[in-house]
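The exercises below concern a strand arrangement and the ring contacts that accompany it. Please work through each task with the structure open before reading its solution.

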Amino acid sequence: MHTWEYDQSKYSPNMRILQVEDAPKITDVFSKILTMKKHAYSYEHDPELGIKKIQNENFDLIFLDLTMPKLSGFDILEDLKQKNFDTSKIIVITASTLSDKELDQLKGYNIHEIIFKPISLQKLLSTVENFSTKTILN
């Protein structure tokens, strides 16, 4: 796990973003892009550590991979739902084709959005910007 800190007063309204993703190549790309945009970005490759971090730290936005070893994104979402965690700040990322049942299940978790891999630079930036704007307006 690696974390970059920033002076929030200097860069606000940039966000604290966590990514739970088992692929280092993906977290490397997210890290470069999001820290360049002055977000405080951290990641967990181990989903068990990721769920602890989600529960114990305050993040503005969470990117959650759906398919990981040990625990899937579905497992993590179910655990968070059982603990009444606000899942509306979670964006699910997947390379899988989802069935209607899986899409309905994800909607039931009240997540913010589902993004399909591969993710373009423009899609990542617009997703973060749209989320940030929505959060500021609410």
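Rings of Phe, Tyr and Trp, the last taken by its six-membered ring, form a pair if their centres lie within 6.5 Å; planes under 30 degrees apart count as stacked, over 60 as edge-to-face and the rest as tilted. The model used here is predicted.

**Exercise 1.** Determine how many aromatic pairs the structure holds, and classify the pair formed by Phe-30 and Phe-63.

*Solution.* Step one is the count, which gives 2 aromatic pairs. Step two takes the rings of Phe-30 and Phe-63, which are 5.2 Å apart centre to centre with 80° between the planes, an edge-to-face pair. Step four considers accessibility, with buried meaning under 20% relative accessible area; Phe-30 has 4% and is buried, and Phe-63, at 1%, counts as buried.

**Exercise 2.** Classify the ring pair of Tyr-41 and Tyr-43, and decide whether Tyr-43 is buried or exposed.

*Solution.* The ring centres of Tyr-41 and Tyr-43 are 6.1 Å apart and the planes stand at 40°, so this pair is tilted. As for accessibility, Tyr-41 counts as buried at 0%, and Tyr-43, with a relative accessible area of 12%, is buried.

**Exercise 3.** Describe the sheet by giving the order of its strands, and identify the strands that stand at its edges.

*Solution.* The 5 strands form an open sheet with parallel pairing, in the order E2-E1-E3-E4-E5. Strand E2 (40-44) and strand E5 (113-116) each have a single partner strand, so that one side of each is left without a neighbour in the sheet. From one strand to the next, the twist averages 20°. Looking at one pairing in detail, strand E1 (residues 16-20) and strand E3 (residues 61-65) run parallel and are joined by 4 bridges, and Gln-19 has Phe-63 as its bridge partner in E3.

**Exercise 4.** State which strands are touched by helix H2 and which by helix H4.

*Solution.* Helix H2 (residues 24-36) packs on the sheet and touches E1, E2, E3 and strand E4 (90-94), its direction making about 170° with that of E2. Helix H4 (residues 73-82) also packs on the sheet, where it touches E1, E3 and E4, and its direction makes about 135° with that of E3.

**Exercise 5.** Find the ring over which the charged end of Arg-16 sits.

*Solution.* The ring is that of Phe-59, and the charged end of Arg-16 lies 4.7 Å from its centre.

Conventions
Residues are numbered from 1 along each chain as its sequence is written. This is a predicted model: local features need pLDDT of at least 70, side-chain atom pairs count only at pLDDT 80 or more; totals for chains, interfaces and linings use all residues. Side-chain values use heavy atoms; hydrogens and water are left out. Two strands pair if DSSP finds at least two bridges between them. Helices (H or I, at least four residues) and strands (E, at least two) are DSSP runs, numbered from the N terminus. Axes are lines fitted to C-alpha atoms, for helices over the stretch in contact, and angles run from 0 to 180 degrees between N-to-C directions. Contact means heavy atoms within 4.5 Å. Buried means under 20% relative accessible area, exposed over 50%, partly exposed in between (1.4 Å probe, protein chains only). A charge sits over a ring if NZ of Lys or CZ of Arg is within 6 Å of the ring centre and within 35 degrees of the ring normal.
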